[in-house]
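Hi,

Here is the structure I said I would pass on.

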Amino acid sequence: MSSDQTPPAVEDVSTQEARMGDGVDDRFNSTLREAFGSTPFILTKFDKFMNWVRGSSMFMLQFGIACCSIEMIHTYAIKHDLDRFGAGVPRASPRQADVIIVPGTIVSKFAPRMKRVYDQMPEPKFVVSMGSCTISGGPFQEGYNVVKGAEEVIPVDIHVPGCPPRPEALVYGVAKLQERIANGESSPVTVKPYELEQFGDLEQDELVDKLADEIDEDDLVMRYNWDNSP
Amino acid sequence: MSLEKPTPDTAAEVGVTEDGLDYDALADLLGGHVLDREEHVNAEGFVIRPDEVQAVLSTLKNEAGFDHCACVTAQEYDDRYESIYHLRKFDDPTQELSVIVPSPKDDPHNESAARVYSTADWHEREAYDLVGINYDDHPDLRRILLPETWQGHPLSQDFNQDQPQIVTLRENANPLEADHRSEDDSDTMFVNIGPHHPATHGVLHVKTVLDGEQIADLEPDIGYLHRCEEQMCQQGTYRHQIMPYPDRWDYVSAGILNEWAYARAAEDLADIEVPEYAQVIRTMSAELCRIAAHMLALGTFALDVFGDFTAIFQYAFRDREVVQNILEDLTGQRLMFNYLRLGGVAWDLPEPREEFFEKTRDFLDDLPHKLEEYHDLITGNEIFQMRCVDTGVLSPEEAKQYGATGPVARGSGVDYDLRRDDPYGYYDELDWNVVTEEGGDNFSRVLVRMREVEESARIIEQCIDLLEQWPEDEREIQANVPRTLRPDPDTEIYRAVEGAKGELGIYIRSDGTDKPARFKIRSPCFSNLQTLPEMSQGEYVPDMVASLGSLDIVLGEVDR
């Protein structure tokens, strides 16, 4: 049994060598480990370490809206392979994701749903908006039903322009986001014109009066002021 | 010849003659119902009274053989509202007839056609939603694309686009809450699938009522991607401003097929002749798009059935990349090609041409081997077969009734392909077959798509041979088209092409200006999606997801 074994001659072995196990432990011996020298410890600020971790392992939300989602799938798939950058495992549930790529036109009926999905993601969360539609409404900006950009509804960290952006552009956008996260930069807090509210909390005007029979006081609603939107 | 279709027995149908339709005979059949006759570019239009719609349409359907209600167009004139029912025959879509139903401006009402053609159900709901015509005797007249609480009808003349709107979030209430169990029968349960759900191919919301694990009732709720495509096209000028939008209807790389739908309608409207060389390039690029679109359908279907980003999905995208590279060489874009122009194409094949031909040939040479691989992985896979054979069955009668077209109809044995039946482009000069399968289940629809890829490859190969031998001084890529197109006022046309998903039709009415007065898109996915309740009634939820995948809808085209 182990009690029979004599302890190793400690004085012959450096700390580093002692840390370098053999056999199964060998897999832990990386060049990084060697670079640390005699001590396997690094000294850093906890926040900085957490930011580095966050940026290096991002779980994207599997969230397809319109045309851009096709290019987004191509970015995840073979050839472009976003996973190379530590960001390629799409999660089906918002509760497991920390990055949402918004790939497409947001229309009046969908904006409250997108807001809800975003709200369901745990903090800290990041948003990459993909394509012209999420910047300004893009080619559909003049449409009666189109929300003029994702930033009207949720805060956005990185905008990737294009109609649609090439997969390379999206990879660049994600890499930029990782860089920002690693540097500890947080997204700008924007004042958003369209928020989810309870219907009863809305200002009583002509439209609210008109809809009062149809909508419950507690129902969540989003109110669009189209003439004020950019 | 392979392109010939078994001649249907049309002897019993009224008005069919050797060289097309005899509209006088049809008018006689309807007798006093016909108030007036109009001449559209594609067909004659019969004007009828708004309260005789069902009588007229059922006569036309039962006695004159118009079994396909392709589209319902609604529009507002200065003095009246108008609904147009575009009727065709599945056996011969060149036999067309428009039934025009005017209704008064102050109280637009007309009888619904939903009891005659099931497909008219959704089409009329859309007309009510966007234009504001009320259809009497409609089974369920509600808004379909816009939120229920929307104010006004956006394509009517007095709509104020800047007015505030309120949209509710009611539909997404937690399905597990007790009050969402239906009250009268406690064994059923209401479940929302979507609008954000990995299996809905975008933003579709399916309201399902389950009995145990089986679907008792199901209702697709669409409109989460309604981005006003028709309004956008009505605001653009014919020559250049409309063409970028078709790419964004069916956005799974089927761009050129969609562009062709607009190009065909506008060219026939303005009487533009397309040079033969440009037609060959169009045919080739459109079929490349079809391959890309069917590859995506295959990959996402495997994703739906197997539930993960596994081999088949990745293989399909690997092959799509190859097609997209070829198309990028040709058009300069990976996805939104904007390559066709009225009267031809934007530019000639890329130089050096040999390299382009070689690249395309390499792709075609590799294709049989790759398809073999897919067949090993998918259609030969027992688990896949268990999931797909005999699930989501759609009978040919139902398919016709709902106006299903494309691979969905052909998977149910409906032999209907506009490339052959209503020839355009260069298709009638080439040797290829229309693929049909008899099963009508999920498996048949997938099989049709895979076999269509082979046929598309045949077409591309013949086009490449043609293009290679084309004399250098006859490579005319564009006809002479006036800088500003102003088709004659009050010309109306409905023209369709075979898109990746089926009959993609465009209705244009011109008013003498350089922009269309009404631009209506008949989207194949919109009609195909209507068959979903039919094919998944009584099935399990996962089979419904498989049916949805095999329908291959693209929400951009469903909602427009």
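In chain B, 12 residues of domain 1 are in contact with 11 residues of domain 2. Keep in mind that this is a predicted model. The two domains come from the domain assignment of chain B, which puts domain 1 at 16-136 and domain 2 at 243-485. Between their C-alpha centres there are 31 Å. Sorted by class, the side of domain 1 of chain B that touches domain 2 of chain B holds 6 nonpolar, 4 polar and 2 charged residues.

How far can you trust chain B? Its mean pLDDT is 86, with 94% of the residues at 70 or more. The stretch to be careful with is residues 6-11 of chain B, where pLDDT stays under 50. For those residues the model has 4 contacts beyond four places in sequence. For the complex, the predictor gives an ipTM of 0.85 and a pTM of 0.86.

There is also a record to go with chain B. UniProt, in an unreviewed entry, lists residues 310-560 of chain B as "domain: NADH-quinone oxidoreductase subunit D". In the model, that span is 50% helix and 10% strand, and its end C-alpha atoms are 31 Å apart.

A few places in chain B that I looked at one by one:

- B:E126 sits in helix α3 (residues 120-130) of chain B. Is B:E126 buried or exposed? It counts as buried because it has 25 C-beta neighbours inside 10 Å, and the cut-off for buried is 20 or more. Leaving aside residues up to four places away in sequence, B:E126 touches B:I144 and B:L145. B:H68 is 58 residues from B:E126 in sequence, and their C-alpha atoms are 18 Å apart in space.
- B:Y315 belongs to helix α7 (residues 311-331) of chain B. This residue is buried too, because 21 C-beta neighbours lie inside 10 Å of B:Y315. Between the C-alpha atoms of B:Y315 and B:L298 there are 9.9 Å, with the two residues 17 apart along the chain.
- Strands β17 (residues 503-510) and β18 (residues 516-522) of chain B make a hairpin, with 5 residues between them. The pairing is antiparallel and runs over 6 bridges. At one place in it, B:S510 stands opposite B:P516 of β18(B). In the turn, B:G512 has a positive phi of about 90°. β18(B) is mostly covered, as 6 of its 7 residues are buried.

Now for chain A. It has 8 helices and 7 strands, and 40% of its 230 residues are buried. Take the contacts in chain A between residues at least 6 apart in sequence: 74% of them join residues at least 24 apart. The domain assignment of chain A gives domain 1 (48-182) and domain 2 (195-230). The centres of these two domains of chain A, taken over C-alpha atoms, are separated by 28 Å.

β7(A) is joined by 4 bridges to strand β10 (residues 165-168) of chain B, and the two run antiparallel. If you want one pair to find in the viewer, take A:Y224, whose bridge partner in β10(B) is B:Q165.

Those are my notes, so over to you.

Cheers

Definitions and conventions:
Residues are numbered from 1 along each chain as its sequence is written. Chains are lettered from A and ligands numbered from 1 in the order in which they are written. This is a predicted model: local features need pLDDT of at least 70, side-chain atom pairs count only at pLDDT 80 or more; totals for chains, interfaces and linings use all residues. UniProt positions are given in the numbering used here, feature names are shortened, and annotations may be inferred rather than shown by experiment. pLDDT is the predictor's confidence in each residue, from 0 to 100. Two residues are in contact if their C-beta atoms, placed from the backbone, lie within 7 Å. Domain bounds come from an automatic or database domain assignment. Two strands pair if DSSP finds at least two bridges between them. Ala, Val, Leu, Ile, Met, Phe, Trp, Tyr, Cys and Pro count as nonpolar, Asp, Glu, Lys and Arg as charged, and the others, Gly among them, as polar. A residue is buried if 20 or more other C-beta atoms lie within 10 Å of its own, exposed if 12 or fewer, and partly exposed in between; C-beta atoms are placed from the backbone.
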